[in-house]
Amino acid sequence: GFFSLVIATIWQPIPMYRAAAKIQLNSTQASSNVLAQLSYYSDSSDIIETQLAIITSFPVLKQAALQLNLFENASTIEDTAVVVLSLQGRIKASQEGYTNIIRIEATASDPNFARDMANVLSEVYQWYDSNIKNEQAVKHRMFVQTQRDSARPQLEASEEAVKSYREKTNLISLASQTSVVLSGITAAERSVQRFENNLRNIDAMLAQIAKNEVLPESALKGASRDIVGDTFMGLNNQANALRLQRDGLLVKYMDGHPSVKEVQVKIDQLGRHLVTELEQRREVIQRALVTERGNLEKLRAEYNELPSKGLELSRLEREVAMHQEIVTILEEQYQTALIREADRVQDVAILQDAITPGSPTNPRPMVRRGVIGIILGLILGVVFAVVAETLDTSIGTIEDVQEYTGAQVVGLIPFINVEDV
């Protein structure tokens, strides 16, 4: 019985209590399409495993130990690590089925401390997750803002490059510039052709004047005032009138008549004026022809350069479009980052607080331990009896006397009680 009591008392375990809290993970990742949702759900198991590891990580447990006042006797980094590792051995985080719910269990000999550990750890993890994601939101916003601020000068520089190139080449767009240049080439070709025709007409008139002294009416039928000018037309009319007057005088008089000579002198003077006027007119047209030919060559060269200019302009415009798209995307991301930073949505929700456990997780079966104690007590009693018998050297029987002395026993002296005498 004594051994049974001792063994039952020694083997009595320290009661351990387990408290559990439940948290739910909510994802704030926006899934704008089915593929994004499928991707999220396919990675949910990895996300849960990651969060389970974070719950029992050193930073979370250190913050929880700090709130539980477990660092009162910790003066060194090693002491702090020992406390955190000891707390880690008491915590277990597991996923409930295939849900996004995590069960946090804390085990301790004090039921109140087990409850506090589970509740504090769930609150610390909720704070840690929110703080980490808010820090990520701030960093993301700052990164996007930096990229946007650096992209804007690039957009302005590309726009300025397009503007400078257009001012340098007078190229607004390839299609419009091509149309303008082709129209200029057509007009210049017509002008050159007109000037060449005018020169041929003037050369023919000069030949007619040299041959007939005056231009006949037939020679002037193809000539316009634009070709010979108003002065030439007036002088030619005067010359024709004087010629008619001379022909009328020749009917009455001979060639040597003073009246005929006077009219002839006037005709000769007008002829020289006509030649001078035509020659001056020819020089003007010749200069205009040279100028127009130079303009035509310039337009043709510009037309030949349009493809390369158009390619360069297209490249510059593509750069502008690319920078505009980058700035637009970064501006949208910046606004989204501002909204995300201002929202501060918590992805971890505490579904159930831990309560004080009423019974330990390792109950003490007194009857079973008592039976085991009795059995062990009997075994130890038998063992002790055998040992005592083996170690006993006293002589108690006739056989022991004969064995130790090697002599025969002659007689026995009985034991007489003094009181009986």
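Glu-96 is partly exposed, with a relative accessible area of 25%; that label sits between buried, under 20%, and exposed, over 50%, using a 1.4 Å probe and protein chains only. This is a predicted model, where local features need pLDDT of at least 70, side-chain atom pairs count only at pLDDT 80 or more, and totals for chains, interfaces and linings use all residues. Residues are numbered from 1 along each chain as its sequence is written, and side-chain values use heavy atoms, with hydrogens and water left out.

So what does Glu-96 pair with? Its partner in a salt bridge is Lys-22, with the closest N and O atoms 3.2 Å apart. (A salt bridge here is a side-chain nitrogen of Lys or Arg within 4 Å of a carboxyl oxygen of Asp or Glu.) Lys-22 lies in strand 1 (residues 17–25) and Glu-96 in the loop between strand 2 (91–95) and strand 3 (101–108), so the pair ties together parts 74 residues apart in sequence. Strands are DSSP runs of E with at least two residues, helices are runs of H or I with at least four, and both are numbered from the N terminus.

Next up are Glu-105 and Arg-103, whose side chains meet in a salt bridge at 2.7 Å, N to O. Glu-105 counts as buried because its relative accessibility is 13%, while Arg-103, at 27%, counts as partly exposed.

Now for a link between helices. Glu-196 and Arg-293 form a salt bridge too (2.6 Å, N to O). Glu-196 sits in helix 7 (residues 174–212) and Arg-293 in helix 10 (residues 258–343), 97 residues apart.
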